[in-house]
Amino acid sequence: MKILVFALLLIVSIVHAEQKKTHLQLPYAKAMALLEGIRQDAIVLGKGSTDVYVFVDPLCPHSRKFIRMVSQNAQMLSKYRYYIYLYSIPRLHSERTVSAIFSSERPAETLLKVMVGQEAHTADVTGPMQKRVDEIAAVAREMDVYKRPYLIVALHP
């Protein structure tokens, strides 16, 4: 009986491991139109001529590494303009951190303090902050943003 249960568990785990989720890839024009609709919700870093749209979670170690790399590289900041969208990973419970960043007087500065300096900032999630978070999340879901950081580089003709 134990062998049968073990064999069944092995088969289920193999089948589950082989089922890879296919991710939706929107046409470029549709993705850009969605991003344009939430551009006012972005935190902007850099002054370059090429736009890069980035979805991050402020508590995600991979997102932090990316923001650290960008913020400490003058060449990247001069070549690219990063539109940073705060999009929480549910298991990290970063909603209060996102709210603190958005509600601060200087969101870009607070973003860097949290993600590079690893300072703890939290604030209650208020109605206006929740609306902003929900707008970003709706676009992220429609674009199938499934990892952080998630980058899209704007093409210029």
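The model is predicted. The chain has seven helices and four strands. Of its 157 residues, 39% count as buried. A search of the whole structure finds eight salt bridges.

**Overall layout**

- Reading from the N terminus, the elements follow the order α-α-β-β-α-α-β-α-α-α-β.
- The chain exposes about 9,800 Å². Carbon and sulfur atoms supply 60% of that area.

**Helix α5 and its cover**

- Which residues of α5 are buried? They are T97, V98, S99, A100, I101 and F102.
- The cover over these buried residues includes two strands, β1 and β3 (80–86). It also includes the helices α6 and α7.

**Helix α5 against helix α6**

- Two packed helices are described by the angle between their axes and the distance between the axes.
- Helix α5 spans residues 95–103, and helix α6 spans residues 107–115. Their axes are 7 Å apart, and the packing angle is about 145°.
- On the α5 side, T97, A100, I101 and F102 make the contact.
- The α5–α6 contact has six nonpolar residues, two polar residues and no charged ones.

**Helix α5 against helix α7**

- The axes of α5 and α7 cross at roughly 110° and come within 10 Å.
- Angles from 65 to 115 degrees count as roughly perpendicular, so α5 is roughly perpendicular to α7.
- Helix α5 contributes V98, S99, F102 and S103 to this contact. Helix α7 contributes M129, R132, V133 and I136.
- By class, the α5–α7 contact holds five nonpolar, two polar and one charged residue.

**Salt bridge K30–E142**

- Side chains of opposite charge can pair when their charged atoms come close.
- K30 forms a salt bridge with E142, and the closest N and O atoms are 3.3 Å apart.
- Why does this pair tie together parts that are 112 residues apart in sequence? K30 lies in helix α2 (residues 28–37), whereas E142 lies in helix α7 (residues 127–142).
- K30 is partly exposed, with a relative accessible area of 39%. E142 is also partly exposed, at 34%.

- D51 and R39 meet through their side chains in a salt bridge, at 3.6 Å from N to O.
- D51 sits in strand β2 (residues 50–56). R39 sits in the loop between α2 and β1 (43–45). The two residues are twelve residues apart.
- Is D51 buried or exposed? D51 is buried, because its relative accessible area is 12% and the cut-off for buried is under 20%.
- R39 counts as partly exposed, at 23% relative accessibility.
- Salt bridges with shared partners join E36, R39 and D51 into one network.

**Salt bridge R106–E109**

- R106 and E109 form a salt bridge, with the closest N and O atoms 3.1 Å apart.
- E109 counts as partly exposed, at 37% relative accessibility.

Conventions: Residues are numbered from 1 along each chain as its sequence is written. This is a predicted model: local features need pLDDT of at least 70, side-chain atom pairs count only at pLDDT 80 or more; totals for chains, interfaces and linings use all residues. Side-chain values use heavy atoms; hydrogens and water are left out. Axes are lines fitted to C-alpha atoms, for helices over the stretch in contact, and angles run from 0 to 180 degrees between N-to-C directions. Contact means heavy atoms within 4.5 Å. Ala, Val, Leu, Ile, Met, Phe, Trp, Tyr, Cys and Pro count as nonpolar, Asp, Glu, Lys and Arg as charged, and the others, Gly among them, as polar. A salt bridge is a side-chain nitrogen of Lys or Arg within 4 Å of a carboxyl oxygen of Asp or Glu. Buried means under 20% relative accessible area, exposed over 50%, partly exposed in between (1.4 Å probe, protein chains only). Accessible areas come from the Shrake-Rupley method with a 1.4 Å probe; for residues, only the protein chains shown count as cover. Angles under 35 degrees count as roughly parallel, over 145 as roughly antiparallel, 65 to 115 as roughly perpendicular and the rest as oblique.
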